[in-house]
Amino acid sequence: MSAPSTHPLRDRCAIVGIGTTDFNRKSGRTELALAAQACTAAIADAGLTPADVDGIVRCEQDTVRHNDVADILGLPSLTYWGSTGTGGSAPAGMVAQACAAIAAGLARSVLVFRSLNGRSGARFGRGRRQNAPVGGNGSYDEFFLPYGLMAPGQMFALIARRHMIEFGTEPEHLGAIALACREHANANPAAQMHGKPMTMAAYLGSRPVTEPLRLYDYCLETDGACAVVVTSSERARDTASTPVSIRAVAQGADAYQQPGLVFPALMRESLVEQPSRRTAETLYRRAGLGPSDVDVAQLYDCFTITVLLQLEDYGFAAKGEGGHFAAGGALRAGGTLPINTAGGNLSEGYIHGLNHVVEGVRQIRGHSTSQVPGAEVCLVTSGLPTATGALMLTAAR
């Protein structure tokens, strides 16, 4: 699996600390308090102190700002801060930005966090109204609202229907994805869906929300926070934790991606091919690895259809065959590609996918509640459809 280092960021940085809060539907805490809890845990996991952290990267949709975190944690010297997004597309790019800052000498140890009261506060899956005048914010989202397209689930339902029309994808194929995530959540005491097993009959019997998507095709609404500490590979060797090497990072957006947050992605020539395909090509080239090298994957799962699309775009199944691949048991414990081994957005919690990065680190460390034996390479992806990102995590050498 080792190839000559040809990309300047290959294995240059490592994740040395991870931290989370509990995941629930009503935290009773502010988003700043949640961020402080997760960040403190990540710093402690790395065996560092706040004085060792001099960089912060946040999601542009986070209400908690870098100066809020720096102040509440007592960081004495912040030399770099940045943000990226949007939402679920952010986590891989946030880690990439931390790596770039470290490689450029702008910071030595960077805290990456995401904090939200996604159930008791701002609910990202709700229908929304565009307050700005048409075209006033450079977006085309508002053109869709009069026709009833108001929530992300509606858009992904149209994408799922297109996949069904073109390839004969069945509800049971999406159900296999939901069941794999739920199975892993039931092994994870920290998951929101822990202790709530699900059968295919229960999945198929759940109420339709936006056809063809059912209740269990949707991610959870979650209050909580996650954080990771990124530093150089050299410094990582001196930390108290088990470092996990960031083998490669990549972000990507296709041509003609259209202005807006999500809905204009429906205007593309094809709905069944996403920016993840080109991002996968970039990631594999930078890593010197391919899909056959991946032992376990944390695939962004705001909806089951996003997992199915990524199975195809990242090369685990041919286009149109992702559903059959999932239905064959590949994604479950003991399968050829176990996914979302803490439960993912569908069954662990929805922290916009930064929890996927945390779980990827656990897998490489050997500490997951659904540990894949001998896992050495973990793929972690971020959200669709406007743009995306991905990481390749490996054991530090």
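Mentor: Start with Pro385, which sits in the loop between S10 and S11. This is a predicted model. The peptide bond from Leu384 to Pro385 is cis, with omega near 10°.

Trainee: Which other peptide bond is cis, with omega near 10°?

Mentor: The one from Gly85 to Thr86. Thr86 belongs to the loop between strand S3 (80-84) and helix H3 (90-103).

Trainee: Why are such bonds worth a note?

Mentor: Because most peptide bonds are trans.

Trainee: Back to S10. What makes S10 and S11 partners?

Mentor: The cut-off for pairing is at least two bridges. S10 and strand S11 (residues 388-395) are joined by 5 bridges, so they pair. They run antiparallel. Thr381, for one, has Ala390 in S11 as its bridge partner. The two strands form a hairpin, with 6 residues between them.

Trainee: And how do you know that S9 pairs with S10?

Mentor: By the count again: 3 bridges join strand S9 (residues 296-298) to S10, against a cut-off of at least two, so the label holds. These strands run parallel. Gln298 has Val380 in S10 as its bridge partner.

Trainee: Why is S10 called largely enclosed?

Mentor: Because 5 of its 5 residues, 377-381, are buried. Both faces are covered. Val377, Leu379 and Thr381 are buried on one side, Cys378 and Val380 on the other.

Trainee: What makes Arg114 and Asp62 a salt bridge?

Mentor: Their closest N and O atoms are 3.2 Å apart. The limit is within 4 Å, so the pair qualifies. The pair links distant parts of the chain, 52 residues apart. Arg114 is in strand S4 (residues 109-117), and Asp62 is in the loop between strand S2 (55-59) and helix H2 (66-73). Both residues are buried.

Trainee: How many salt bridges does the structure hold?

Mentor: It holds 13. Among the residues involved, Glu273, Arg277 and Glu281 are linked in a network.

Trainee: How do you know that Arg332 and Glu183 form a salt bridge?

Mentor: The closest N and O atoms are 2.8 Å apart. That meets the criterion of within 4 Å, so the label applies.

Trainee: Why do Arg332 and Glu183 count as partly exposed?

Mentor: The class runs between 20% and 50%. Arg332 has 38% relative accessibility, so it counts as partly exposed. Glu183, at 29%, gets that label too.

Trainee: Where do Glu166 and Arg162 lie?

Mentor: Both lie in helix H4 (residues 152-167), 4 residues apart, about one turn of the helix. Glu166 is at 41% relative accessibility, so it counts as partly exposed. Arg162 is partly exposed at 32%.

Trainee: Is His352 buried or exposed?

Mentor: Buried, because its relative accessibility is 3% and the cut-off is under 20%.

How values were computed
Residues numbered from 1 in each chain as written. Predicted model: local features only at pLDDT ≥ 70, side-chain atom pairs only at ≥ 80, totals over all residues. Heavy atoms only, no water. Buried < 20%, exposed > 50% of the residue type's maximum accessible area, 1.4 Å probe, protein only. Salt bridge = Lys/Arg side-chain N within 4 Å of Asp/Glu carboxyl O.
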